[in-house]
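Please open the model in a viewer and keep the sequence panel at hand.

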Amino acid sequence: MATKVIYFFFFFMFMSFRNAAISVASNTFFPLPDAPYEPFASNASCGPTYPWYDIPIDPIDMELIQFAENLEFLEAEYFLNAALGYGLDEVAPELVLGGPPPIGVMKANLDNLTEHIITEFAYQEVGHLRAIQSTVGAFPRPLLNLSSYNFATIMDEAFGYHLDPPFDPYANSLNYMLASYVIPYMGLVGYVGANPFLKGYITKRLLAGLLGVESGQDAVIRMYLYERGFEVVHPYNHTVVEFTIRISKMRNRLAMCGIKDEGLVVPPELGAENRTCSNVLSADPYSLSYARTPPEILRVVYGTGNERIPGGFFPEGGNGRIARSFLNVTCT
């Protein structure tokens with residue numbers, strides 16, 4: 001008799017704990033329809049866009065987002081001048097804060113479709129600068145080199161010899177979009193790289209919004225080029241695909257941190273799920289966007305492979321505390 005009592009006691013306790021566990025799990029993972037998820041309970045129709053328990057902006061957030069201003073200035077001037085024939089000094093002079101005008105940038109010889117695309121990109125970059133500056137503060141526009149000579153140097157570096165005649169990004173629409181392949185992707189991977197370090201809900205929201213549009217710009221450029229992938233770029237004996245592969249390999253080489261950049265065609269082992277050779281979007285083995293750190297980005301946009309040695313698009317280096325901190329380091 002005693003044995004049966006003990007058995008039923010433990011059986012009762014076991015069932016009680018089991019039911020309690022199921023109840024907790026059920027409430028945790030499958031909330032009832034009339035119990036809104038707590039962070040959105042204050043306004044169930046729309047919901048707040050930030051968690052009530054978080055901070056708005058952390059000091060390190062400001063430095064990371066400000067670093068991105070360098071690339072946003074670069075894109076804004078490149079797109080504005082190519083599409084409209086003038087840049088930030090006319091469109092939004094309040095954003096440049098006395099920074100020097102860019103070197104060598106000019107109106108590009110674009111067809112109607114490409115001009116519409118680049119005009120939209122241009123004004124998007126103006127909006128990005130406004131958003132960044134109003135959120136985390138601003139610094140003067142850095143000196144930018146967007147000359148044909150600089151782009152020709154980049155393409156020569158990518159191919160390993162001097163292209164003849166020198167590559168001119170402003171000559172026609174295809175050249176311009178090939179040159180555009182060089183720029184927005186660096187902003188994309190930079191934002192992905194900065195994301196884990198952000199703490200404030202305002203800066204996280206800003207980064208997500210910037211990343212979404214930068215990714216879209218890169219996708220449009222890559223699709224534009226993919227449609228023309230096996231077209232030979234006149235007067236060079238290289239296809240559009242070859243240009244993208246060479247540029248991506250050059251950026252990987254300069255950044256010195258493995259494969260984080262891929263052309264429009266890849267071997268199957270680098271394709272989506274190892275099953276495609278097409279590569280309209282550049283992504284890692286899980287089809288997630290690659291991430292780069294500020295030093296990696298500077299090595300690429302300086303064209304020197306060294307974050308302490310300016311050049312390329314930034315003859316005097318980038319602005320902001322992060323970029324300037326590398327320039328102030330003296331090697332002995």
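Select arginine 228 and glutamate 227 to begin: their side chains meet in a salt bridge, at 3.7 Å from N to O. A salt bridge here is a side-chain nitrogen of Lys or Arg within 4 Å of a carboxyl oxygen of Asp or Glu. Arginine 228 is partly exposed at 24% relative accessibility, and glutamate 227 is exposed at 59%.

The model is a predicted one, in which local features need pLDDT of at least 70 and side-chain atom pairs count only at pLDDT 80 or more, while totals for chains, interfaces and linings use all residues. Residues are numbered from 1 along each chain as its sequence is written, and side-chain values use heavy atoms, with hydrogens and water left out.

Further salt bridges

Next, select glutamate 296 and arginine 292, whose side chains form a salt bridge of 2.8 Å, N to O. Glutamate 296 is buried, with 3% relative accessibility, and arginine 292 is buried as well, with a relative accessible area of 1%.

Move on to glutamate 115 and lysine 107, a salt bridge in which the closest N and O atoms are 3.2 Å apart. Glutamate 115 is partly exposed at 27%, as is lysine 107 at 37%. Then select Glu77, Asp89 and Arg141 together, which a network of salt bridges links. The count for the structure comes to eleven salt bridges.

The nonpolar cores

A nonpolar core is a set of buried Ala, Val, Leu, Ile, Met, Phe, Trp, Tyr and Cys residues joined through side-chain atoms within 4.5 Å. Select Leu88, Tyr176, Leu225 and Phe313: in the largest core, which has 77 residues, these touch the most other members. Helix α2 (residues 59-84) supplies the largest share of this core, 13 residues. Helices (H or I) are DSSP runs of at least four residues, numbered from the N terminus.

Which residues does leucine 225 touch, not counting those up to four places away in sequence? They are Leu174, Met177, Leu178, Tyr181, Val240, Thr244 and Leu264, where contact means heavy atoms within 4.5 Å. A second, separate core has five residues, among them Tyr185, Leu188, Val189 and Tyr290.

Backbone features in the loops

Select aspartate 164 and proline 165, which are joined by a cis peptide bond with omega of about 0°. Proline 165 is in the loop between α5 (148-159) and α6 (173-180). Another cis bond runs from histidine 234 to proline 235, with omega near 0°; proline 235 lies in the loop between α8 (201-226) and α9 (240-255).

Turn to leucine 97, which is not a glycine and yet has a positive phi of about 50°. Leucine 97 sits in the loop between α3 (88-91) and α4 (112-136) and is partly exposed, at 45%. Glutamate 273 also has a positive phi, near 55°. This glutamate 273 is in the loop between α9 and α10 (294-301), and is exposed at 55%.

Cysteines

Finally, select cysteine 257, which is partly exposed at 33%, and cysteine 277, partly exposed at 39%. How many disulfides does a search of the whole structure find? The search finds zero, a disulfide being a pair of cysteine sulfur atoms within 2.5 Å.

How values were computed: Buried < 20%, exposed > 50% of the residue type's maximum accessible area, 1.4 Å probe, protein only. Helix = DSSP H or I, 4+ residues; strand = E, 2+ residues; numbered from the N terminus.
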